[in-house]
Amino acid sequence: MALETKQVAMTGNEAVANAIKQINPDVIAAYPITPQTDIVQYYSSFVADGQVDTQMVTVESEHSAMSATIGASAAGARAMTATSSQGLALMHEMLHIASGFRLPIVMPVVNRAVSAPINIHCDHSDTMAALTTGWLQIYSENAQEAYDNVIQAMRIAEDPRVRLPVMVCYDGFITSHAVENLFLLPDETVKQFVGEYNPKHTLFDFDSPVTFGPLVLPDYFSEIKAQEADAMRAAKEVILEIAEEFAKISGRKYGYYEGYHLEDAERVIVVLSSTAGTAKEVVDELRAQGEKVGLMKPRVIRPFPAEEFVKALSGAKVVAVMDRAETFSTQGGQLFTELRAAFYEAPTKPLMRNYIFGLGGRDTTTAEIRRVFEDLKKDQERGSVDRKVTHLDVRV
Amino acid sequence: MSLKGYKDLPEGGVIPERGNSVLYKTGEWRSMKPVYYPEGCVHCLLCWAFCPEPAIKVENGRMLGIDYDHCKGCGICARECPRKEKALQMVRE
Amino acid sequence: MASLKELSALPEVLAPGHRLCAGCGAPIVVRMITRAAKGPLVVANATGCLEVSTTIYPYTSWNTPWIHTAFENAAATASGVEAAYHALKRRGKVDKDINIVVFGGDGGTYDIGFQSLSGAMERNHKLVYVCYDNGAYMNTGIQRSSATPKGANTTTSPVGKVSYGKRENRKDLTEIMAAHNIPYAAQVSPSHWNDLYQKAEKAFAANGAAFINAFAPCPRGWRHDTKDTIEICRLAVDTCFWPLYEVVDGKYRVTYKPREKKPVTEFLKAQGRFSHLFQPGNEEVLEAIQKEVDRKWEELLKLEELSNS
């Protein structure tokens, strides 16, 4: 079957708004925040022009955005929202409740630094602070991936083995506002792919009423959390199944990560989202010079596919994990500490070092990436890393 | 009572039941209890309207007595009864 | 006008076996309000006494679908439920007409839930928000809220050598809700069950958002005998501390005017939380409380006159 597809030039936010339009959810409750705002604006226009029949609730805060989305989802609606930065921080309390209720909400998060100081540009401090909320997290390198991930996320979230909310993350301004060429799927294809939502319990079932959100004391609380943890584990295989199905309709393949010249790479950079694009450029350049360098771009970090990541990096001699968020552990960023911990049982471990980079939208160019590979080369020659955690490109 | 294992509980901590708290007997809390004298009752149902539980048994608009399984003995019914002690009287448990 | 006989034949939304304190005012409000919903009813509840005491897992006292998410957002949660109703009805997945009622205490309504309530009212969702106002954070142990009356002894406005309890006047939330220009706002008291029921009927029938502020004594926090709950409601109404009125599309109507307005001290002296005010030295506080009640009552009568002229 020839794949039907349409090439367009769109910003990341426009692409994501179009993915949501094609999903045409029952309810959207959203609040504007830079750099997510266009999504809400585009969607408001879709509603105003009758292109979708979504019930849109223009709430008075992100806390209420997530609360209303939860209310709608518990009522049996397919419900979505989108946010960034302070907005995600404000809805933090409700993130736990969405997952605790096992509601399949999909939320694009346009990554932006969290205050203070206030800053509107990209880093990952917003979503990194939400890693323990019971949401799946899928990261996107560019507009195409953000579009594709939103569509896949709907299916992953609603899978009866999962029933957990999903964040689809992409970089503020870099991806959200830059115009890229990408391929949109036909409306009907997306509609068929996401299918009908069949909730397990709903507030509108008056024949067998359900109580959502009771007080659960120590006698049952652990059991309910254990169920949630099981669902997160189950999400691992569902993510791959949905990716395989998605490849059939799009021709684009997704997994837990993307490897770039990884197979025989000795020096590897691990980095999320748009910076991976920059890193690919440098990998090409260095490969042309005969350097054994490679890239691993994790796509999914909740659940954390530890075994697969370890396997992917098992041939590497030195690994630089680049975190776009300071977590103040003093032991490195979140991605670094988790990936490093994943190697604890591995028979062979590469040398590992961490870079905290790109905070508050600081550009990370090919020059910085080249410098990281140079550091790795020295580490490899020395047989040890000279510094575990480095703030990349910070003036002293 | 053995509690259910985690795989047997409904997802998301929901309670897919209707008013099953009737199985929980709050009547044990009582230190005073209302005693009902049908012969003095005019079936105005104020006791029923003001009962917080509800623990006043009513059928076809007629007061039938107290649900002692749940009555906590607050005494609102006896206090608000227009027939006073002729229909409802609080006595020590 | 419905009789209690008729009302007793309507479905009971709240089942017994809940663990609210003996003599609690909140469930009396809930039982009467929910009867006025004609047809299927979804209940949203803010965190608080009513929420925790009626849903101690695996037990629920609710005979109808019910949702609690958090403390400050019952109105926002219900906004989402209402949006889902419109969407699913439009798409043929729901065929019934559904009523939505929200219950929140004064902490969850006047204070932490104030923003989300204001948002939901401004967006004019078709739902009825009911505040059961017991004038303090009772669930956490009687801390003052913005609904706590002046002079009340609470655990965060305690009476001490240099303190007569809460120093500030209450926030007038019913007025603030009316200022949202919603179709219906009202103040009710469980003692006046018929007035309460009729207002609830109007609230459910309103073409948009409705707000009801319900007086709800807390025997623990107010320190009165459990049997006196309704009598204290009556005193609140007869002293004009808690006037019964409604605002329908901007028009005020005082639904009960006491023939003889009792001094506010009759309401205050019935409760332990105000007992210190009757000690020598607090005469001025009592006077100030009376003055404020008078001022608010006169203002209300004028609003009634003005809005109907």
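**Entry 1: charges between chains C and A**

I started with the salt bridges between chain C and chain A and counted four. For a salt bridge I required a side-chain nitrogen of Lys or Arg within 4 Å of a carboxyl oxygen of Asp or Glu. Side chains of opposite charge can pair when their charged atoms come close.

I noted the ground rules next. This is a predicted model, where local features need pLDDT of at least 70, side-chain atom pairs count only at pLDDT 80 or more, and totals for chains, interfaces and linings use all residues. Residues are numbered from 1 along each chain as its sequence is written, chains are lettered from A and ligands numbered from 1 in the order in which they are written, and side-chain values use heavy atoms, with hydrogens and water left out.

Which residue does A:Asp26 bridge to? I found C:Arg91, with the closest N and O atoms 2.7 Å apart. C:Arg91 also meets A:Asp53 in a salt bridge, at 2.4 Å from N to O. This pair crosses between chains. C:Arg91 sits in the loop between H4 and strand E3 (99–105) of chain C. A:Asp53 sits in the loop between helix H2 (37–48) and strand E3 (55–58) of chain A. Helices (H or I, at least four residues) and strands (E, at least two) are DSSP runs, numbered from the N terminus.

**Entry 2: the rest of the C–A interface**

I looked up the contact (heavy atoms within 4.5 Å). Chain C gives 42 residues and chain A gives 43 residues. The buried area is about 3,300 Å², and carbon and sulfur atoms give 63% of it. Buried area is the accessible area (1.4 Å probe) that two parts lose on being put together, summed over both. C:Tyr57, C:Pro65 and C:Arg91 supply 20% of what chain C buries against chain A, more than any other three residues.

I then searched for polar contacts and found 18 residue pairs, both residues at pLDDT 80 or more. A polar contact is a pair of N or O atoms within 3.5 Å; within protein, one must be able to donate a hydrogen and the other to accept it, and residues adjacent in sequence count only if both atoms are side-chain atoms.

Which element gives the most to the side of chain C that touches chain A? I found H4(C), with 11 residues. That side divides into 21 nonpolar, 14 polar and seven charged residues. Here Ala, Val, Leu, Ile, Met, Phe, Trp, Tyr, Cys and Pro count as nonpolar, Asp, Glu, Lys and Arg as charged, and the others, Gly among them, as polar.

I also checked strands. Strand E9 (residues 211–212) of chain A runs parallel to E2(C), joined by two bridges. Two strands pair if DSSP finds at least two bridges between them. A:Phe212 stands opposite C:Ile67 in E2(C).

**Entry 3: inside chain A**

I looked up the domains of chain A: domain 1 (6–250) and domain 2 (257–391). The bounds come from an automatic or database domain assignment. Their centres, taken over C-alpha atoms, are 28 Å apart. In contact are 26 residues of domain 1 and 25 residues of domain 2. Together the two domains of chain A bury about 2,200 Å², with 58% from carbon and sulfur atoms. A:Leu131, A:Glu141 and A:Lys236 supply 29% of the area that domain 1 buries against domain 2, more than any other three residues.

How many salt bridges cross between these domains? I counted five. I also noted that A:Arg324 and A:Asp171 meet in a salt bridge, 3.9 Å from N to O. Over all chains, the structure holds 56 salt bridges.
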